[in-house]
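Here are my notes on the model, as numbered points. Please read them alongside the coordinates.

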Amino acid sequence: MSGLAKIFANLTLKKKGQEITQSSLSGKIVWLYFSASWCPPCRGFTPQLIEFYNKHSVEKNFEVVFVTWDEEEEDYEGYYGKMPWATVGFIGPKDQQRFNDLYKVESIPTLIGIDADSGDVVSRSARTMVVKDPEAAHYPWRE
């Protein structure tokens with residue numbers, strides 16, 4: 001069983017409307033991106049993360065999965081529509097709280113790296129590192 005099974009239990013991962021399997025993430029680092037459309041720091045960081053993703057995701061073998069804090073599906077859809085990576089979809093407060101509790105997410109934007117095979121946390125400081133290391137010279141920023 002994948003290290004992602006407990007994380008994405010009962011959730012369907014999608015990327016641009018197409019379902020993706022957990023097995024397709026095998027061997028990768030999966031970056032959980034906690035963000036919301038109503039959050040000014042998120043709206044500032046998202047374009048930086050998009051640029052980083054487009055430049056490095058293939059070569060560095062990672063995927064980002066968006067976990068929304070939006071309260072309205074319409075807001076989530078408009079915001080996610082600008083993102084090139086995967087998502088858990090518009091989830092309700094129960095699943096949001098489960099993610100927050102599992103990864104101790106207290107504020108957004110937050111970017112947490114997970115080893116897809118083991119489910120272990122690789123990094124909790126990735127938001128800072130995307131800004132400090134935009135060329136990914138020190139990637140994957142293991143802690």
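**Notes on the predicted model**

1. Just after helix α3, Lys104 has a positive phi of about 55°. Helices (H or I, at least four residues) and strands (E, at least two) are DSSP runs, numbered from the N terminus.

2. The model is predicted: local features need pLDDT of at least 70, side-chain atom pairs count only at pLDDT 80 or more, and totals for chains, interfaces and linings use all residues. Residues are numbered from 1 along each chain as its sequence is written, and side-chain values use heavy atoms, with hydrogens and water left out.

3. Helix α3 spans residues 93–103, and its residues Gln96, Phe99, Asn100 and Tyr103 are buried (under 20% relative accessible area, with exposed over 50% and partly exposed in between; 1.4 Å probe, protein chains only). Down the axis of α3, these buried residues fall within an arc of 100°, so they line one face of the helix; the arc is that of the directions from the helix axis to the C-beta atoms. An α-helix has 3.6 residues a turn, so residues three or four places apart point the same way.

4. What do the buried residues of α3 pack against? They pack against β3 (29–35), β4 (62–68), β6 (110–115) and β7 (121–123), where contact means heavy atoms within 4.5 Å. The helix lies across these four strands, running at about 120° to β3 (axes are lines fitted to C-alpha atoms, for helices over the stretch in contact, and angles run from 0 to 180 degrees between N-to-C directions).

5. The seven strands of the open sheet are ordered β2-β1-β5-β4-β3-β6-β7, with mixed pairing; two strands pair if DSSP finds at least two bridges between them. At the edges stand β2 (18–19) and β7, each with a single partner strand, so one side of each is left without a neighbour in the sheet. β6 and β7 pair in the antiparallel sense over two bridges, and Ile114 has Val121 in β7 as its bridge partner.

6. Glu63 lies in strand β4. Its relative accessibility is 5%, so Glu63 counts as buried. Neighbours within four places in sequence aside, Glu63 contacts Lys15, Leu25, Ile29, Val30, Trp31, Tyr53, Trp85 and Ala86.

7. Along the sequence the chain follows the pattern β-β-β-α-β-α-β-α-β-β-α. Its radius of gyration is 14 Å, close to the 15 Å that the globule rule gives for 143 residues, so the chain is as compact as a globular protein of that length. The radius is taken over C-alpha atoms, and the rule is 2.2 Å times the number of residues to the power 0.38. Of the 143 residues, 48% count as buried.
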